[in-house]
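This report covers a pocket and the aromatic side chains of one protein. The structure is shown first.

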Amino acid sequence: MIDERSGSNDGSNDGSNDGGATAADDGRSGAIQFPFGAQARPGYLARPAGAGPFPGLIVIHEIYGLNGAIRAVARRFAGQGYMTLAVDLFGGRNRALCMFRVITSLLARPLKNGSQDELKAALDWLAEQPGVDAQRLGAVGFCMGGSFAVAWACTDERLKVIAPFYAMNPRPLAAVSRSCPVVGSYPDPDFTTKPGRALDATLARYGVPHDIKIYPGAQHSFFNEQGDHYNADAAQDAWARMLAFFSERLA
């Protein structure tokens, strides 16, 4: 059963307006818990129709947390044949304190921190689920989540592809020399535009397969269909690029 609550149009709350352009819920998706040390951490699993085996994706939310918009993205991927786990890095914790700790760790220790460890535990759980092909795993992240995805790809060889949206880069940026292939989407103007261009250049320098695209006129969170900055043209193009990139590496 899906836990859905009323939300605002910035996507900052769990919204009952989960549908948008996603496939409607059909009973295959809902809240789960996965082990992380002695804890049971919350998430949202969206299952494709059929028996699989399916590639698996981790979806990492932006600063608003696991909300209706992110759950809708997870179901949208499931509709394309990906077993998708959307994590909830803030779930069950003091939100303000957790946000501070998560952002601080992302800036101070981007390649090794508690949130990265939680993401790896989520991937452990997802890879063990019936119907998931553990050799075909990837991650998608938005803003904060995209920043985690870029850093995570430098330290976990299980990831075969990542898709950061409007993300910041880890320090040192040379760490991306160890990254899996990357398909990234960035707005312009935005505080992530320059990092997006830097990531593009650095991946090219190290010969990492990638597709980084800057969208002039798009704003931050342009992919959030429930948000005020949604840009249909940019979002639809980014979605098509991402699916094409994934299909080449997770097929």
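In this predicted model, the second largest pocket is lined by 14 residues, and those nearest its centre are L106, L107, S147, M168 and N169. Two elements, helix 2 (95-108) and helix 4 (144-152), each give two or more residues to that lining. The pocket has a volume of about 270 Å³. Sorted by class, its lining holds eleven nonpolar residues, two polar ones and one charged residue.

The aromatic side chains come next. The structure holds 13 aromatic pairs. One of them joins Y215 and F222, with 5.4 Å centre to centre and 55° between the planes, and counts as tilted. Are these two residues buried or exposed? Y215 counts as buried because its relative accessibility is 6%, which is under the 20% limit. F222 is also buried, because its relative accessibility is 0%.

Two arginines lie over aromatic rings, as listed here.

| Arginine | Ring | Distance from the ring centre |
|---|---|---|
| R71 | Y44 | 5.9 Å |
| R249 | F245 | 3.8 Å |

For R71, the part that sits over the ring of Y44 is the charged end of the side chain. R249 lies over the face of F245.

Key. Residues are numbered from 1 along each chain as its sequence is written. This is a predicted model: local features need pLDDT of at least 70, side-chain atom pairs count only at pLDDT 80 or more; totals for chains, interfaces and linings use all residues. Side-chain values use heavy atoms; hydrogens and water are left out. Rings of Phe, Tyr and Trp (its six-membered ring) pair if their centres lie within 6.5 Å; planes under 30 degrees apart count as stacked, over 60 as edge-to-face and the rest as tilted. Buried means under 20% relative accessible area, exposed over 50%, partly exposed in between (1.4 Å probe, protein chains only). A charge sits over a ring if NZ of Lys or CZ of Arg is within 6 Å of the ring centre and within 35 degrees of the ring normal. On a 1 Å grid over the protein atoms alone, a cavity is a set of points where a 1.4 Å probe fits but cannot get out, and a pocket is an open set with protein on both sides within 12 Å along at least five of seven lines; lining residues have an atom within 4 Å of a point. Grid points are joined across faces, edges and corners, and a volume is the space filled by probe spheres set on the points. Helices (H or I, at least four residues) and strands (E, at least two) are DSSP runs, numbered from the N terminus. Ala, Val, Leu, Ile, Met, Phe, Trp, Tyr, Cys and Pro count as nonpolar, Asp, Glu, Lys and Arg as charged, and the others, Gly among them, as polar.
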